[in-house]
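Please read them alongside the sequence and the model.

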Amino acid sequence: MSAPDSSLASSEVLSQSEIERLLAQVAEEQTNAVIHQTDGSKKEQPRESISPYDFRTPVFLTPIELRKLRVHHEEFIQSLAARLSIYLRMEFGLQMAQLHTVPYQKFTDGLTSPTHISLFRVEPMRGICVLEMNPRLGLTIVDRLLGGPGHSVSMNRDLTEIEVALLDQVVNLILSEWCNHWAKYRELRPNMIGHETNARFLNSSPADSVMLVLVIEATMGDCMEQISIGFPYTTLEPLVRQLSQKMAASSEDLSTVPAAGVGVKWRPEYADVPITVTAQWSGLQLIARELGAIKPGDVIPIPANFSEQVDLTLAGKPRYVGRLGTIDGRWAVEVAGTTKG
C-alpha cells in the first residue's frame, strides 16, 4: 500500500490568511443584498438600508402625514366635545385613543356584535365611510335626549327605529363637525345612507382596501365606551394632499420672513404719507369723587417719575417708550426703546 502524497495533502490545507479571506467574503455576502435594477443590471446594497414591505398590510400614509392628521383630528375632538356637551346639556368627554391605518377586513373583524353602525358619504368625495358606536353608549345618549339623567344603560341590545332616529341627530352633529374642520381646505357635506348592526354584513369597501380609523374614547356620566370612525383612503387622499401642501406653504412663508431690520428697504411712495404721533402717560389714577369735582383752573399733580414713562403711539398704535424733556425751549420726547410685543 503506497504512502499518501505529502505534496497533495499540503495543498488541501488552507492557510490562516485564506481562511480569513473566506470568512470576510461570507460576512460581506450576509451584510449585502443583490438589487435587480429595472434595466436588468444588478448592484449590491447594505441590508440595513432596505426596509421590508408587508403587502398584506400596506401603508399609504407617511409618518409626517399621519402626524399632521393626528394634530388635525385632536382639534376636531376638542371642538366636538364642547358641541356635544352643549347639545346634551351635560359634560361629554372625548379623547383620542388611536389613529391608524388598517385593511377594511381587519377593521370590520374588530367591531363588536351587536353594535350600531352608521354608513355615510362625505360629499363630494368618493367612498363609503363607517361610524361605529357601542349600543350601550347609544342608549345612554338616547336616554339623555328624552330627558333622562344620562346614566349608563346596562342593557346590550339593538336599537329600535325611534332610538336610531334620535341617535342620528348626534351622529349628524359629529359628522358635521368633522366636515367643518376641513372647511378651509374643501367644502364637505355629510350624507347618511344606512345603518347596520353586524359588521359581518358590511360590504361598503373591498376587503383589502386601506382604512384610516379614528378611535375616540367617550365618557358620559358613568358610561365610558368607544366611537370608531373609518374613512377609506380614497376618501381622504385629496384632503391629505391639500393638508400637506398648505402646511408646506406655511413653512415656506415663515422661512422667508426677514428678521427685524434685515433686508427691509424704504419705499419712496410712502415718504409723504401723514402719520399722527401722540405722546401720552398711562397709570395716573383718580377716584370717582375727585374726577367729578374737576373744574377749569384746577391743577392735577403728576408724579415726577411719569416723565420717564412716556408712550409714543403711531396712528393710534403704541410703538415706542421714551422720556420727556425740552430742546430749545420746546417740549420733546427722547425715544428710549420699543414697546414689548
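1. Helix axes are lines fitted to C-alpha atoms over the stretch in contact, and angles run from 0 to 180 degrees between N-to-C directions. Helices (H or I, at least four residues) and strands (E, at least two) are DSSP runs numbered from the N terminus. This is a predicted model, in which local features need pLDDT of at least 70 and side-chain atom pairs pLDDT 80 or more, while totals for chains, interfaces and linings use all residues. Residues are numbered from 1 along each chain, and side-chain values use heavy atoms, without hydrogens or water.

2. Helix α3 (residues 63-88) packs with α6 at an angle of about 145 degrees, their axes being 10 Å apart. The crossing of α3 and α6 is right-handed (the near helix is turned clockwise from the far one by less than a right angle). Contact (heavy atoms within 4.5 Å) involves residues including Phe76 and Leu80 of α3 and Leu173 and Trp178 of α6.

3. Helix α5 (residues 135-145) and helix α6 (residues 161-180) pack at about 90 degrees, with axes 9 Å apart. This makes α5 roughly perpendicular to α6 (65 to 115 degrees). Among the contacting residues are Leu139 and Val142 of α5 and Leu166 and Val170 of α6.

4. Of its 14 lining residues, Gly110, Leu111, Glu132, Gln226 and Ser228 are the closest to its centre. Strand β8 gives the largest share of the lining, 3 residues.

Notes. On a 1 Å grid over the protein atoms alone, a cavity is a set of points where a 1.4 Å probe fits but cannot get out, and a pocket is an open set with protein on both sides within 12 Å along at least five of seven lines; lining residues have an atom within 4 Å of a point. Angles under 35 degrees count as roughly parallel, over 145 as roughly antiparallel, 65 to 115 as roughly perpendicular and the rest as oblique.
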